[in-house]
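Please look through the sequence and the model shown below before reading on. The paragraphs that follow begin with confidence and domains, and then turn to helix packing and backbone geometry.

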Amino acid sequence: MDEMRHLLKRLKIYSLLDLALFLPASYDDTRLLTSITPGKVHTFEAVVKEAHTLNGKLVVTFTLPRFAQTLQSMFFRTTPYHYQTFASGSRHIIQGRVELYRGTLQMSQPKSLKSHGEIITKYKSTIKQSEMHRLMKHYLSEQALIAEGLLPAEAEVLMSLHFPHSLETLYREGHYRPEVIVTLKHIEAFNYLKKLASKRIEHPAISALTGGIDAFVTGLPFDLTMEQQQVIAEIAQDLSRSDRAAKRLVVGDVGSGKTMVILAAVMMAQPHRSILMAPTSLLALQLYEEAVKHLPEGIRIALVMQGREEGEYREADFVIGTHALLYKEDLPRAPLVMVDEQHRFGTQQRHLLEALASDAVEGDGERRAHFLQFSATPIPRTQAMMESALIDVSLITKTPFEKKITTQVIGTQDFPKLLTQIQTEIAREHQVLIVYPLVEESEMIDYQSLTESRGFWEKRFENVYVTHGKDKEKEEVLLNFREKGDILLATTVVEVGISLPRLTMIVIVGAERLGLATLHQLRGRVGRLGLESWCYLFTRNEKSERLQAFTRTTNGFDIAKLDLKFREGGDILDGTIQSGQKFKWLDMAEDEEIVAAATERL
Ligand code: ADP
Ligand code: MG
């Protein structure tokens, strides 16, 4: 028993369904067939009629009693064993591929089997086949699978894959039948969700938050979009509970208006305190400015970041800050903790954030703050549904106003035209961002680097600013550029967190090297306030289907889906590949209905 547990661990199998989904890689069919099909593997009862040596090879003629035919076999590497075994008149069960050559049946180098009549499953595993068979026999049964939540028909399919009586209904020419694959997808999705759901830990909340948002909503200079209203309603529902602290991720494209959702949540928390953390000082400052602008008077707002504080955070209703917040020992507890641009925090920082949500209630035992996270990295709907077993997910898929961005793939021949257009945009007091693949030149890359190109731009244009990911003065450069710049040269690693309302053109050099998610983030920088804008993908591979597909949509959720589709194409620079090859059968780009059905079964 313990020994079997040990085997399961070695195979990285953690649930009964994991084991059941560990399917045979192939089947050895030793059933005696009633007809002969040349080109296929057959198992025969055979009697040696005659055997002789020819040029060092053993040539054996068998008779096949069931077919009243003869079959010729050749053994190339022979040992005395072969001569003994295939003595004239001896009986065998032979297996091998049958060919028809000049009217004679042939089977080269047949295997001699001990028994026949079974379909033997072959698992691809570092563990011995006999052990694999023992494991499957021990754990798998139709009842056990049904007890795990499978439908009887699903259990039956799995059982017949592991203990086949006939292969034809499941398997043909090395491939599962389409209906079997659909069943496997359902089971795979269900198994994944079930495991995730078991990891979800619920805590009671510090308090139910039920503050009204009307004063805030009516004060806004615009109407909230349907999706904003819907997410706000979902959050109101979450926060109104005290038996369960909220854990929700709100995902919406750049510019989809997530800040309004954050501010609405602050209103709900009233008269209690809310804390919001942002990944950079620029963003924290921007959020602070928006809060001051849009929240009703009387709500005390404080800002906490390294080297700058506004208001008195110990008494504020709403504390906005960077990770500097984590080091304030006298940060008062708050029943609502939020994190903006969650995707830009590292894993380690995210753990700290979770701690912020629990520390905020120090000494209160099991209670936790309601915890809301906001992310601008659209994820495919299928993935959002999957994640929802662990954390509630809300999607904002549309931006409040249609962005007018023209995206185009361009090459060297388009450069003169590009220069002219850059001049035109600057003349209109608009700004241009040019993104380079690297800071320094490299032999690995067929494009100019930031350093190499810098001179070119500085010679032809005024007010050229330069920054990159490792630049210590990056935030200051960006702030100066926002006020005074015409052209910003940067690398992809530079996260332009602040909004640059006059930015109307982005040129991405070596665009084919980037993942679609990254391209989308970059493109999201232009036209934020609805100005007509352009995104140029400069590449030496203008035919790239992936880039062409990217030019046809600006919706982040569509792009997330495209990204799944083109993933094999390789995102060279993207370290953020999410679930990748987690599933053997399920296709996250295509199987939305199956995933939806699986979530219904939990
Ligand atoms: P995100 O944080 O999702 O990237 P923001 O919250 O910064 O987006 O919103 C982008 C811009 O859209 C801001 O200028 C904001 O004031 C504006 N905005 C938000 N919601 C609406 C709306 N419903 N109608 C019009 N403009 C909106
Ligand atoms: Mg935002």
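The pLDDT is the predictor's confidence in each residue, on a scale from 0 to 100. The structure shown here is a predicted model, and its mean pLDDT is 88, with 95% of the residues reaching 70 or more. Over residues 568–581, however, the pLDDT is below 50, although this stretch has 17 contacts in the model beyond near neighbours in sequence. Where pLDDT is low, the predicted coordinates should not be read in detail.

The domain assignment divides the protein into domain 1, made of residues 2–29 together with 118–176, domain 2 (41–112), domain 3 (214–396) and domain 4 (405–553). Between the centres of domain 1 and domain 4, taken over C-alpha atoms, the separation is 53 Å.

One helix pair to follow is that of helix 1 (residues 2–10) and helix 4 (residues 129–139), whose axes lie 11 Å apart and which pack at an angle of about 110°. Because angles of 65 to 115 degrees count as roughly perpendicular, helix 1 is described as roughly perpendicular to helix 4. Helix 1 contributes E3, M4, R5, L7 and L8 to the contact, while helix 4 contributes E131, R134, L135, H138 and Y139. Sorted by class, the residues of this contact of helix 1 with helix 4 comprise 5 nonpolar, 1 polar and 4 charged.

A second pair brings together helix 7 (residues 178–199) and helix 20 (residues 592–601), whose axes come within 9 Å and cross at roughly 50°. That angle makes helix 7 oblique to helix 20, and the crossing of the two helices is right-handed. On the side of helix 7, the residues K185, H186, A189, F190 and L193 take part, and they meet I594, V595, A597, A598, T599 and R601 in helix 20. The residues of the contact of helix 7 with helix 20 fall into 7 nonpolar, 2 polar and 2 charged.

Two details of the backbone remain to be examined. Most residues other than glycine have a negative phi, and most peptide bonds are trans. Against that background, K12 has a positive phi of about 60° although it is not a glycine, and K12 is found in the loop between helix 1 and helix 2 (16–21). The peptide bond from Q270 to P271, in turn, is cis, with omega near 5°. P271 has its place in the loop between helix 10 (258–269) and strand 13 (274–277).

Key:
Residues numbered from 1 in each chain as written. Chains lettered and ligands numbered in written order. Predicted model: local features only at pLDDT ≥ 70, side-chain atom pairs only at ≥ 80, totals over all residues. Heavy atoms only, no water. Axes fitted to C-alpha atoms, helices over the stretch in contact; angles between N-to-C directions. Helix = DSSP H or I, 4+ residues; strand = E, 2+ residues; numbered from the N terminus. Parallel < 35°, antiparallel > 145°, perpendicular 65-115°, else oblique. Left-handed = near helix turned anticlockwise from the far one by under 90°. Contact = heavy atoms within 4.5 Å. Nonpolar A, V, L, I, M, F, W, Y, C, P; charged D, E, K, R; others polar. Domains from an automatic or database assignment.
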